[in-house]
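Student: I have a chain open here and would like to go through it. Can we start with one loop and work outwards?

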Amino acid sequence: MDRKDILSVLVLIGIIAFVVLIYALPDLIMSLSRHEYPNATVIDKYIKRYNDKDYFFIVIKTEDGKKVVLMDRDTIVFGKFNSADIYASVEIGKKYTFYTYGWGVPLFSWFENIYKVVPLNSTS
C-alpha cells in the first residue's frame, strides 16, 4: 500500500465514524439527559417570540413542591414536530406526567424540552 491508499482508507474510516456519530448522537443525548416528572401540576403556560419563532413554555409544580419551567419546541434532531399539539392539550390546574430531555440552566435560558405528556386521571 502506498500513501495514497492509506490516506483513502483513513478518510473512509473518518467518514464512517462521522456518520455513526451523527446517527447515534441524538440517542446518546436522550439517554443521558432524560427526566420524568410524575404527578406534576401545570401552574402556568405561555408563549415567547424570539427572532420570529414562537417558543412554548409550561410551568409545573412537582410532587415535592418545586416549580420547574419546561420548554416545548420542535426539534429536527429528535424528530419531534408536535409542540403545538402538546401545548394545546395541557391545561392549567391539571396533573400530568412530563417526560423531558436536556438540562435546565435558566441563567442561559436553557430549559428541558418536553417530548411526551401523559394526562393523569382526575380520580388519582
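Tutor: Start with Asn51, which lies in the loop between E1 and E2. Helices (H or I, at least four residues) and strands (E, at least two) are DSSP runs, numbered from the N terminus. This is a predicted model, where local features need pLDDT of at least 70 and side-chain atom pairs count only at pLDDT 80 or more, while totals for chains, interfaces and linings use all residues. Residues are numbered from 1 along each chain as its sequence is written, and side-chain values use heavy atoms, with hydrogens and water left out.

Student: Is Asn51 buried or exposed?

Tutor: Asn51 is exposed, because its relative accessible area is 76%. Exposed means over 50%, buried under 20%, and partly exposed in between (1.4 Å probe, protein chains only). Asn51 also has a positive phi of about 50 degrees, although it is not a glycine.

Student: What is phi for Asn39?

Tutor: Near 55 degrees, again a positive value in a residue other than glycine. Asn39 is in strand E1, and it counts as partly exposed because its relative accessibility is 26%.

Student: Other loop, then. Where is Thr62 found?

Tutor: Thr62 is in the loop between E2 and E3. Its relative accessibility is 13%, so Thr62 counts as buried.

Student: What does Thr62 contact, leaving aside neighbours within four places in sequence?

Tutor: Tyr37 and Val68. Contact means heavy atoms within 4.5 Å.

Student: New topic. Which residues have the most contacts inside the largest nonpolar core?

Tutor: Ile58, Ile60 and Phe98, in a core of 15 residues. A nonpolar core is a set of buried Ala, Val, Leu, Ile, Met, Phe, Trp, Tyr and Cys residues joined through side-chain atoms within 4.5 Å. Elements giving two or more residues to this core include strand E1 (34-50), strand E2 (53-61) and helix H2 (83-89).

Student: What does Ile60 touch, beyond residues up to four places away in sequence?

Tutor: Its partners include Tyr37, Val68, Leu70 and Phe98.

Student: And the whole chain? In what order do the elements run?

Tutor: From the N terminus on, α-β-β-β-α-β-β. The radius of gyration of the protein chain is 20 Å, well over the 14 Å that the globule rule gives for 124 residues, so the chain is more spread out than a compact globule. That radius is taken over C-alpha atoms, and the rule is 2.2 Å times the number of residues to the power 0.38.

Student: How many of the residues are buried, as a percentage?

Tutor: Buried residues make up 27% of the 124 in the protein chain.
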